[in-house]
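I opened this notebook to record what I looked up in one structure.

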Amino acid sequence: MPRFPPRPTDTAPLYPADELVKLQSIMDNRQGQQPPPPPPQRRSTWVGKALALVGVAVVSGFVWWVLQPSNPVDQQVAQPQKTAGEFEFTTVPELPEPVKDSDCAAHATSQTQAFFKTTPCLQLTRAFYTAKLPDGRTVYSSVSVVKMKTADEARQLRELTQKDGTGNVKDLVLDKAISVPPLTTLANGGYASEQRDQLVVIVESDSPTKGSDALAHNKEMKKVSADAIRLASAFGS
């Protein structure tokens with residue numbers, strides 16, 4: 001059979017070996033330039049968010065605690081107590097508050113009344129208390145605070161009331177502001193006084209139940225009166 005020279009389209013083209021090597025190199029380079037796949041999402045991401053939320057809660061709780069008042073609403077606040085002394089004194093329901101007057105002469109006796117007429121006071125404040133003795137007896141105390149114009153006048157008043165038979169500021173039982181049968185006055189019990197600049201504190205105390213020893217009773221009542229002087233700080237002015 002006759003043979004003809006082959007046409008270009010009758011067979012697959014043949015590439016030189018060096019061209020194939022270049023083509024493979026180009027393909028390899030393109031594959032190397034592709035961006036790497038994104039890393040898988042870390043499992044610890046939700047853990048971090050949870051910890052962040054816990055931190056916010058802790059900080060919020062701390063701020064709330066700091067802003068709270070020091071004393072909760074339902075917690076009782078401690079009330080200030082009177083200065084401690086040997087006896088515990090209590091006001092009586094009949095006279096829970098001190099009584100005041102500017103006319104001291106009208107509430108005094110004997111020479112003390114005469115003194116107030118020539119040397120008027122500025123104010124008289126009186127209060128009434130009870131106390132218990134260790135043996136259970138009740139003692140009644142009338143606390144008077146006299147305010148004079150000067151400290152010298154206050155000194156004169158105290159010196160006068162310390163003497164026997166010169167009268168005094170009337171206790172609240174003698175002045176009939178309160179009734180404690182069978183007592184008609186506290187002047188027969190125990191007396192104590194103190195000067196505080198323009199103020200003179202006068203206390204008289206007595207008990208309806210007296211012992212057989214009058215001197216011992218008087219000494220005991222003076223002890224109560226001396227302790228009751230501190231009560232004047234609560235209302236004296």
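**Entry 1: the model and its confidence.** I noted that the model is predicted, that local features need pLDDT of at least 70, that side-chain atom pairs count only at pLDDT 80 or more, and that totals for chains, interfaces and linings use all residues. Residues are numbered from 1 along each chain as its sequence is written, and side-chain values use heavy atoms, with hydrogens and water left out. I looked up pLDDT, the predictor's confidence in each residue from 0 to 100. The protein chain averages 80, and 64% of the residues score at least 70. Residues 63-67 have a pLDDT below 50, and this stretch has zero contacts in the model beyond near neighbours in sequence; a contact means heavy atoms within 4.5 Å. For residues 69-82 the pLDDT also stays under 50, and the model has four contacts beyond four places in sequence there. Where pLDDT is low, the predicted coordinates should not be read in detail.

**Entry 2: the nonpolar cores.** I searched for nonpolar cores, which are sets of buried Ala, Val, Leu, Ile, Met, Phe, Trp, Tyr and Cys residues joined through side-chain atoms within 4.5 Å. Buried means under 20% relative accessible area, exposed over 50%, and partly exposed in between (1.4 Å probe, protein chains only). The largest core has 20 residues, and Phe89, Tyr129, Val143 and Val201 have the most contacts inside it. Strands E3 (123-132), E4 (138-147) and E6 (199-206) and helix H5 (214-228) each give two or more residues to this core; helices (H or I, at least four residues) and strands (E, at least two) are DSSP runs, numbered from the N terminus. Apart from this core lies another, of 15 residues, among them Ala105, Cys121, Leu160 and Val169. I then listed contacts of Val143 beyond four places in sequence, including Tyr129, Val201, Ala228 and Phe235.

**Entry 3: aromatic pairs.** How many aromatic pairs does a search of the whole structure find? I recorded four, where rings of Phe, Tyr and Trp (its six-membered ring) pair if their centres lie within 6.5 Å, and planes under 30 degrees apart count as stacked, over 60 as edge-to-face and the rest as tilted. Phe87 and Phe89 form an edge-to-face pair, 6.5 Å centre to centre with 65° between the planes. Phe128 and Tyr140 are stacked, because their ring centres are 6.0 Å apart and their planes are at 25°. This pair links strand E3, which holds Phe128, with strand E4, which holds Tyr140, twelve residues apart. Phe128 and Tyr140 are both buried. Phe87, Phe89 and Tyr129 form one aromatic cluster.

**Entry 4: the disulfide.** I found one disulfide, defined as a pair of cysteine sulfur atoms within 2.5 Å. Cys104 and Cys121 form it, with their sulfur atoms 1.9 Å apart. The link is right-handed, with 95° about the S-S bond. Cys104 lies in the loop between strand E2 (99-101) and helix H3 (110-118), and Cys121 in the loop between H3 and E3. Both cysteines are buried.

Entry 5: Is Ser193 buried or exposed? Ser193 counts as buried because its relative accessibility is 10%. Ser193 is found in strand E5 (residues 190-196). Its side chain makes a polar contact of 2.9 Å with that of Tyr191; such a contact is a pair of N or O atoms within 3.5 Å, and within protein one must be able to donate a hydrogen and the other to accept it, while residues adjacent in sequence count only if both atoms are side-chain atoms. Asn168, in the loop between helix H4 (151-161) and E5, counts as buried at 8% relative accessibility. Beyond four places in sequence, Asn168 is in contact with residues including Tyr191 and Ile202, and Ser193 also touches Ile202.
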